[in-house]
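Student: Could you walk me through reading pockets and ring contacts in a model like this one?

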Amino acid sequence: MHFVMIFLDGFGLGGDRDNPIMAAHTPYIDELLGGHYLWGQERRIESEQLILIPLDASLDVTGIPQSATGQTTLWTGVNGAKALGFHLNAYPNEKLAEIIKEKSIFKQLADQGKKVTFANTFTSHYDEMIASGKRRHTASTLSALAGGVPLRRIEDLLQGKGVYQDMTNEILRELEQEADIPLITSYEAGKNLGRLALDYDFTLYEFFQTDVRGHKQDWEKAVALIEQIDGFIGGFMSVVRHEDVTWLLTSDHGNIEDFRVKGHTQNPVPALGWSSKPLEWPQWERLEDVTPGIVRMILGTREL
């Protein structure tokens, strides 16, 4: 099995109103789900090859869910908010970093001899920001490094062996104007992820523009972003549909799905999973269930 996690930061399950996800035209995702209306909080799909279930992102700690604790939990199986006693935003602190170093999903799988990779592309500018202390690694990057995963570079991206964090390279072209970086469609980016994933047992791709758009609350740009994600899924599926691939789309907390709230929400997040073969899916109910479930599937999948 090739397992792929597509992570959308700040992407919850909301209602029909004030929700750009519901307003967007998403034919590829709708084809999978059997209808556009299924993005609502109360909708569930549970079959041998497709699931859409809500995950509790609260971590049983009072307050609004945040990225550092939510992502640590998602990629380790350890409840980061309980470990700290509060929700922490942005970057992991020392305690969360230690949890990631010991329990990262990349490390757990690599220690069992599995091939793991982080699909996101990094730049020399990023390295400089880290070295100068102007920026810190996010939970995803710390998780990959904990598993001994080398970070992908622009050279990889130009060969179709990496995906930039915005999918289309638009932001990357602004940062690296001297490099001849092509502007691509999200559909082509999804195809690149699909082809890359066929070489690994576990692949993670992180997209955080959903959280950015949720905070900025620009309705038209948010709707366009959801449609971009749909194209990405379409391109990805065009490659993996007939391969031995299982994938999961999920998030760390809500945000973009409710424009009545400026910031993160307490909504559940989706566990949208698809497999080319019938599976017995894990009993995912909370963020802390995700990594243990994925590890069990990769190390010992039981097909029906």
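**Pockets and rings**

Tutor: Helix 3 (67–76), helix 7 (124–132), helix 10 (170–175) and helix 12 (209–216) each put at least two residues into the lining of the largest pocket. Helices here are DSSP runs (H or I, at least four residues; strands are E, at least two), numbered from the N terminus. This is a predicted model: local features need pLDDT of at least 70, side-chain atom pairs count only at pLDDT 80 or more, and totals for chains, interfaces and linings use all residues. Residues are numbered from 1 along each chain as its sequence is written, and side-chain values use heavy atoms, with hydrogens and water left out.

Student: Which helix gives the most to that lining?

Tutor: Helix 7, with three residues. By class, the lining of the largest pocket has 11 nonpolar, nine polar and four charged residues.

Student: How do I read an aromatic pair?

Tutor: Rings of Phe, Tyr and Trp (its six-membered ring) pair if their centres lie within 6.5 Å; planes under 30 degrees apart are stacked, over 60 edge-to-face, the rest tilted. F3 sits in strand 1 (residues 2–8) and F202 in strand 5 (residues 202–207), 199 residues apart.

Student: Are F3 and F202 buried or exposed?

Tutor: Both are buried (under 20% relative accessible area; exposed is over 50%, partly exposed in between; 1.4 Å probe, protein chains only). F3 and F202 also belong to one aromatic cluster with F106, F118, F122 and Y126.

Note on methods:
Nonpolar A, V, L, I, M, F, W, Y, C, P; charged D, E, K, R; others polar.
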